[in-house]
Amino acid sequence: MKIKGQKSIEAFLKSVLSKEVKFWFEFYKYAIGREGNRENIPAIKDSNGRIITYSIEKVNSFNFYYSTVFSSEGNIPDIQVENTGELFNIDIKIIRRRIGAIVKNKSIGPDRVSGEIKKLGGEAMIPYLARLLDITMNNGTLPGDWKRATVIPIHKGRDRLLVTNYRPVSLTSVICKQMGHVIAAYLRQMWDKNDWLCDGQHGFRSGYSCKSQVITVCQDIADSLYNREKTDAIIVNFSKAFDLVPHGRLLTKIANSGVDSRVVVWIREFTLGRWQRVRVGGQLSEVRVTSGVPQGILLGPLLLLAYVNDIWRNIEPTIRLLLMTM
C-alpha cells in the first residue's frame, strides 16, 4: 500500500509530465532509485531459518555471516627487515592525480571526511596530505579511523531472503585510500624492478589484463599442439580469498620482497587491528577483523598478489594467475 505522501509525489510528477505520460513512471522510478536508501534491506532469514524484519536483527545476522569467513593466526611476531632496495619517497604527482580523480558525492567513510572537501581544497591540500603520510610512515602508526570500515550489504542477485546473496561493500577513509595509492605505486615500482612478482600473474599489474592472460594461455596450448605434447588444465577458483589472507604470513612475504622497512611497518599497521561495522537501516554491529586485506582500495589487491606470489615455486607445470575482484 502506498503512503499518502508517495501518492502526492506521483500525482505531481504525472501533472508535470502530462505531455509525456508514458515516461513519467520510468522517470519517477529513476528519481526514487537515485535518492533511495540502499540500506533498506527487506526481510531476511537468520542462521536458524527464521524470518526477521527488525533492523537490529538484520545487522547482527549480516555481521555474523561476514565474520565467519575470518581466520586467526594468534599473535603476530615482530618482523625484522633489512633495507636492500630503494627507500620510500612520497610521490607528490600521485597525490595530485588522486585528488583530481576524487568523486565529490562518494560515500563518506568512518572518519567523516568527505571527498568533496579534498576536491575543493585542490592544490592546497597536497602538502598537508604529504606531511600526513610522512608522519605515519616515520612514526609507524596510523589513525584509528583509517583502520575501520563501514560495511553496507548490497544484493547481488537471486533470493533476497538469503544473507549469502548480499555482497559486503566497505566504506573506508578517503584519505587513507589516497595514502594507499602512493604506497601501492612504490610497491609496484620495486616489485617490477626486482622481478619479484610471478611472470604468470596478470591481475592488477601495468601492461597485464584478462586479455593478455587469455592470449598467453592460447599460445601455451598452441605451442603444445605444435610440439605434439599433451596439455592438461586445472582451473582453481579461490573463494573469499581477500578475507582469508593470514596477516603474519603476508607480512613475512612482503618483508622479503626488497622494500623499505618503513613500508612493511606501515602495511603491518594498515592490516592489523582492523574493525568493520555492518550498517542496516541506521543500526550498526561491529566486529574485529582478524584476517584478510581490505577491498575497495588499490593496496588491497596488491597485498593479495604478494601473498599468492610464491605459489609457482617448486612446481613444474606452467601456472597462470589472474586476480579479479567480484
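**Rings, strands and confidence**

Visitor: Trp266 and Phe270, are they buried or exposed?
Guide: Trp266 is buried, and Phe270 is buried as well, where buried means under 20% relative accessible area, exposed means over 50%, and partly exposed lies in between, with a 1.4 Å probe and protein chains only. This is a predicted model, in which local features need pLDDT of at least 70 and side-chain atom pairs count only at pLDDT 80 or more, while totals for chains, interfaces and linings use all residues. Residues are numbered from 1 along each chain as its sequence is written, and side-chain values use heavy atoms, leaving out hydrogens and water.

Visitor: How many aromatic pairs are there?
Guide: The structure holds 6 aromatic pairs; rings of Phe, Tyr and Trp (its six-membered ring) pair if their centres lie within 6.5 Å, and planes under 30 degrees apart count as stacked, over 60 as edge-to-face and the rest as tilted. In one of them, the ring centres of Phe62 and Tyr166 are 5.2 Å apart and the planes stand at 80 degrees, so this pair is edge-to-face. Phe62 belongs to helix H3 (residues 55-67) and Tyr166 to strand S4, so the pair ties together parts that are 104 residues apart in sequence. Helices (H or I, at least four residues) and strands (E, at least two) are DSSP runs, numbered from the N terminus.

Visitor: And which residues join Phe62 in a cluster?
Guide: Ring pairs link Phe62 with Tyr65, Tyr66 and Tyr166.

Visitor: Back to Trp266 and Phe270, what kind of pair do they form?
Guide: Their pair is stacked, with 5.6 Å centre to centre and 20 degrees between the planes. Arg274 lies over the face of Phe270, at 4.9 Å from the ring centre; a charge sits over a ring if NZ of Lys or CZ of Arg is within 6 Å of the ring centre and within 35 degrees of the ring normal.

Visitor: New topic: in what order do the 4 strands of the open sheet come?
Guide: The order is S4-S3-S5-S6, with mixed pairing, and two strands pair if DSSP finds at least two bridges between them. Strands S4 (166-171) and S6 (283-289) stand at the edges with a single partner strand each, so one side of each is left without a neighbour in the sheet.

Visitor: How many bridges join S5 to S6?
Guide: There are 7 bridges between strand S5 (residues 274-280) and S6, which run antiparallel, and Val278 has Ser285 in S6 as its bridge partner.

Visitor: Where is confidence lowest?
Guide: The lowest is helix H2 (residues 21-35), at a mean pLDDT of 48, and the highest is helix H6 (residues 126-139), at 94; pLDDT is the predictor's confidence in each residue, from 0 to 100.
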